[in-house]
Amino acid sequence: MKRIYKTTLFSLSLLTASQLVLADMNAKQAENFYKRTCATCHGKSAEKSALGQSRIINTLNSEEIYTALSDRKSGKIQGAGNMVKSRLSEKDIKMLSEFVPILKK
């Protein structure tokens with residue numbers, strides 16, 4: 001019984017370590033993508049109103065960001081950033097909607 005318990009704990013600790021590494025890699029990927037695609041207009045910490053027209057996006061939650069990016073991509077919301085947003089994939093939108101809220105911390 002002790003051997004099974006130790007093996008299970010070891011496996012869980014490896015899984016947790018792997019998840020942390022994956023999360024760190026995903027966060028780094030999201031950060032790099034944000035810097036290349038969004039920071040010029042929205043600011044390094046998403047603290048700016050892009051071209052004086054958008055809300056400050058680091059005040060939005062993930063759902064609001066996801067909806068805003070999707071609506072801009074589809075053309076439902078018009079604005080200067082639509083060309084950039086039209087090139088975002090579903091994966092990009094999800095990644096940004098999860099990443100941007102952590103910038104306000």
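Modeller: Buried means under 20% relative accessible area, exposed means over 50%, and partly exposed lies in between (1.4 Å probe, protein chains only). This is a predicted model: local features need pLDDT of at least 70, side-chain atom pairs count only at pLDDT 80 or more, and totals for chains, interfaces and linings use all residues. Residues are numbered from 1 along each chain as its sequence is written, and side-chain values use heavy atoms, with hydrogens and water left out.

Biologist: What share of the protein chain counts as buried?

Modeller: Of its 105 residues, 29% do.

Biologist: Why is Tyr-34 called buried?

Modeller: Its relative accessible area is 1%. The cut-off is under 20%, so Tyr-34 is buried.

Biologist: What makes Phe-99 buried?

Modeller: Phe-99 has a relative accessible area of 7%. That is also under 20%, so Phe-99 counts as buried.

Biologist: How many aromatic pairs are there?

Modeller: The count is 1. Rings of Phe, Tyr and Trp (its six-membered ring) pair if their centres lie within 6.5 Å.

Biologist: Why is the pair of Tyr-34 and Phe-99 called tilted?

Modeller: The ring centres are 6.1 Å apart, which is within 6.5 Å, so they pair. Planes under 30 degrees apart count as stacked, over 60 as edge-to-face and the rest as tilted. Here the planes are at 50°, so the pair is tilted.

Biologist: How do you know that the pair links distant parts of the chain?

Modeller: Tyr-34 is in helix H1 (residues 2-37) and Phe-99 is in helix H5 (residues 90-99), 65 residues apart. Helices (H or I, at least four residues) and strands (E, at least two) are DSSP runs, numbered from the N terminus. The chain has 5 helices and 0 strands.
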